[in-house]
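User: I would like a close look at the charged pairs in this model and at the residues around them. Please go through them in one connected answer.

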Amino acid sequence: RGGPEFPPLPLKRTLNGGNEIEFFRYPRVGERIVSKGKIVDILEKEGRSGTMVFIVTETTYKTEKGELLLISRQITIRR
């Protein structure tokens, strides 16, 4: 998968709550890219169908030299 490990939750369904990508520059041919993912926030809300947990993750992509290429943010909804 390549991203951060989600905490174990007793919720069976997984939904995509949205994606956002912030570009800083495109990689050059032959550049090695390093990615690092982390969980930024976890929110719990009560909906009509029961409890929902929103997990916000952020993955940063840089060159081996540390130059920032892009930041990808994703919201995963568990219910």
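Analyst: What follows starts with the salt bridges and then turns to the neighbouring strands, the rings and the surface.

The model is predicted, so local features are given only where pLDDT is at least 70 and side-chain atom pairs only at pLDDT 80 or more, while totals for chains, interfaces and linings use all residues. Residues are numbered from 1 along each chain as its sequence is written, and side-chain values use heavy atoms, with hydrogens and water left out.

A salt bridge here is a side-chain nitrogen of Lys or Arg within 4 Å of a carboxyl oxygen of Asp or Glu. By this rule there are 6 salt bridges. One of them joins Arg73 to Glu20, with the closest N and O atoms 2.9 Å apart. This pair links distant parts of the chain, since Arg73 is in strand S4 and Glu20 is in strand S1, 53 residues apart. Strands, like helices, are DSSP runs numbered from the N terminus (strands: E, at least two residues; helices: H or I, at least four).

Arg73 also meets Glu58 in a salt bridge, at 3.1 Å from N to O. Through shared partners, salt bridges join Glu20, Glu22, Glu58 and Arg73 into one network.

How exposed are the members of this network? Relative accessible area is sorted into buried (under 20%), exposed (over 50%) and partly exposed (in between), using a 1.4 Å probe and protein chains only. Glu58 has a relative accessible area of 16% and is therefore buried. Arg73, at 24%, counts as partly exposed, and so does Glu20, at 44%.

Another salt bridge lies between the side chains of Glu67 and Arg25, at 3.1 Å from N to O. Glu67 is in the loop between S3 and S4, whereas Arg25 is in the loop between S1 and strand S2 (33-47); the two are 42 residues apart, and the pair links distant parts of the chain. Glu67 is partly exposed because its relative accessible area is 32%.

Contact means heavy atoms within 4.5 Å. Thr63 is buried, at 5% relative accessibility.

Strand S4 (residues 68-78) also holds Ile77. Ile77 is buried, at 13% relative accessible area. Beyond its neighbours within four places in sequence, Ile77 is in contact with Arg13, Thr14, Leu15, Gly17, Met52, Val53 and Phe54. Arg13 is in the segment before S1. With residues up to four places away not counted, Arg13 touches Ile77, Arg78 and Arg79. The C-alpha atoms of Arg13 and Ile33 are 32 Å apart, with 20 residues separating the two in sequence. For Ile77 and Gly30, 47 residues apart along the chain, the C-alpha separation is 36 Å.

Phe54, one of the contacts of Ile77, also takes part in a charge-over-ring arrangement: the charged end of Lys45 sits over its ring, 5.3 Å from the centre. The rule requires NZ of Lys or CZ of Arg within 6 Å of the ring centre and within 35 degrees of the ring normal.

The search of the whole structure finds 1 aromatic pair. Phe23 and Tyr26 have ring centres 5.8 Å apart and planes at 40°, so the pair is tilted. Rings of Phe, Tyr and Trp (its six-membered ring) pair if their centres lie within 6.5 Å; planes under 30 degrees apart count as stacked, over 60 as edge-to-face and the rest as tilted. Tyr26 is exposed, at 64% relative accessibility.

Phe23 and Tyr26, together with Ile21, also form a nonpolar patch on the surface, with about 390 Å² of accessible area together. Patches are made of residues with over 30% relative accessible area and no salt bridge, nonpolar side chains (Val, Leu, Ile, Met, Phe, Trp, Tyr) being joined within 5 Å and like charges within 9 Å. Accessible areas come from the Shrake-Rupley method with a 1.4 Å probe, and for residues only the protein chains shown count as cover. Ile21 lies in strand S1 (residues 14-23).
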